[in-house]
Amino acid sequence: MKKLGILMLLGVLSLFLAACGNSNGENSTDEDKKMVQVDANLELPQKAKKGETVSLSTKVTQGDENVDDAEEVKYEIWKNGKKEESEMIEAKHEKDGVYKAEKAFEEDGMYTVQVHVTARDMHTMPKAEIAIGDVEAREHEESGDDHHHGDHVSIHLMKPDTIIAKEDAEMMVLVESKEKSLEDAEVRFEIYKEGQEKHEWVDLTAGDAGKYNGSYAFPEKGTYNVQVHVTKGEEIHEHTMKIVKVQ
C-alpha cells in the first residue's frame, strides 16, 4: 500500500508540473506576440482617370496571422501640396485581414493616399501616390515632401505591461534596417492624447546595437499615442505609432 501511495503521489506531481509547463508556454506565446509588429500592405493603382472609381485595399497582418479585428482602418487622401484639405474614408473589412474602400477623384493631379491602421494596441500608417488624369512628370518630382523615406526599416517599441501615471516608464526601441541593427540613428518619442494640441518630445539614448532607451512620466491616466520617429541622414525618416494605456 505504501508503494502504491508513492506512485500515486508521483503521478499527481507529474500532472501538476505538466500543467505549469503549459501555462508558462502560453504566457511566453502571448509575450512573443506582443513583440510582433502589426503590418499594413497598402495597394492601389499607380494611375487612374478623372472620375473613375478607384479601389483602395490594405492587408493587415501580424507575423503570419491575418488581422481581422482591427479597431480602425481609415484612408486619408489629399492632393499633393494640399495636405490641409485631406479627407478621411472609413474602410470595411472584407476577409483574411483585407480592408477596402473606394474613391473617385474629380481633379487631375498627383494624390497621396495614407492608410491609418489601429490594431492590437499598435498604429501604422503607410502611404502611396496615385496619378489622376493628365499629370506632368515634374509635378511628381516636386511632390517629394509627401514621400515616406526609408528602406525596409522595422521599429519595435518595448514598454512595461503596466504603466502608472506620474511614474517614470522605462521604454526601449529596437530598430533594424535591411534585417540588420540600425546604429547611430536619431530616435525620438512624440507623445500626445488624441485631439491634444501640445505634443511632448522625448529624445532616446543609443544603447547596444540597434537599441535606444528612454523614459517618460505620463502626467495622468488615459490613452496616449506614442509615435516613434527614426531618422538617419537624408535616407531614413520612418515612424510608427503605438497606443499606450496609462493607469
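The chain has a mean pLDDT of 82, with 79% of its residues at 70 or more; pLDDT is the predictor's confidence in each residue, from 0 to 100. This is a predicted model, in which local features need pLDDT of at least 70, side-chain atom pairs count only at pLDDT 80 or more, and totals for chains, interfaces and linings use all residues. Residues are numbered from 1 along each chain as its sequence is written, and side-chain values use heavy atoms, with hydrogens and water left out.

Over residues 137–150 pLDDT stays under 50. For this stretch the model has 27 contacts beyond four places in sequence, a contact being heavy atoms within 4.5 Å. Where pLDDT is low, the predicted coordinates should not be read in detail.

**Strand pairing around S13**

Strands are DSSP runs of E with at least two residues, numbered from the N terminus. Two strands pair if DSSP finds at least two bridges between them. Strand S13 covers residues 168–177 and pairs with S12 in the antiparallel sense. S13 also pairs in the antiparallel sense with S18 and with S14.

| Partner of S13 | Residues of partner | Bridges |
|---|---|---|
| S12 | 153–158 | 6 bridges |
| S18 | 211–217 | 7 bridges |
| S14 | 180–181 | 2 bridges |

Leu 157 stands opposite Val 173 in S13, Met 171 stands opposite Gly 214 in S18, and Glu 176 stands opposite Ser 181 in S14. S13 and S14 form a hairpin with 2 residues between the strands, where Lys 178 takes a positive phi near 55 degrees. In a regular strand the side chains alternate between the two faces of the sheet.

**Two buried strand residues**

Val 187 is in strand S15, residues 186–192. Val 187 counts as buried because its relative accessibility is 2%; buried means under 20% relative accessible area, with a 1.4 Å probe and protein chains only. Leaving out residues up to four places away in sequence, Val 187 touches Val 173, Val 202, Asp 203, Leu 204, Tyr 212, Val 228, His 229 and Val 230. Val 228 lies 41 residues from Val 187 along the chain, yet their C-alpha atoms are separated by 7.0 Å.

Thr 124 belongs to strand S10, residues 122–124. At 15% relative accessibility, Thr 124 also counts as buried. With residues up to four places away in sequence again left out, Thr 124 touches Val 38, Ala 40, Val 115, His 116, Val 117 and Met 241.

Conventions
Helix = DSSP H or I, 4+ residues; strand = E, 2+ residues; numbered from the N terminus. Buried < 20%, exposed > 50% of the residue type's maximum accessible area, 1.4 Å probe, protein only.
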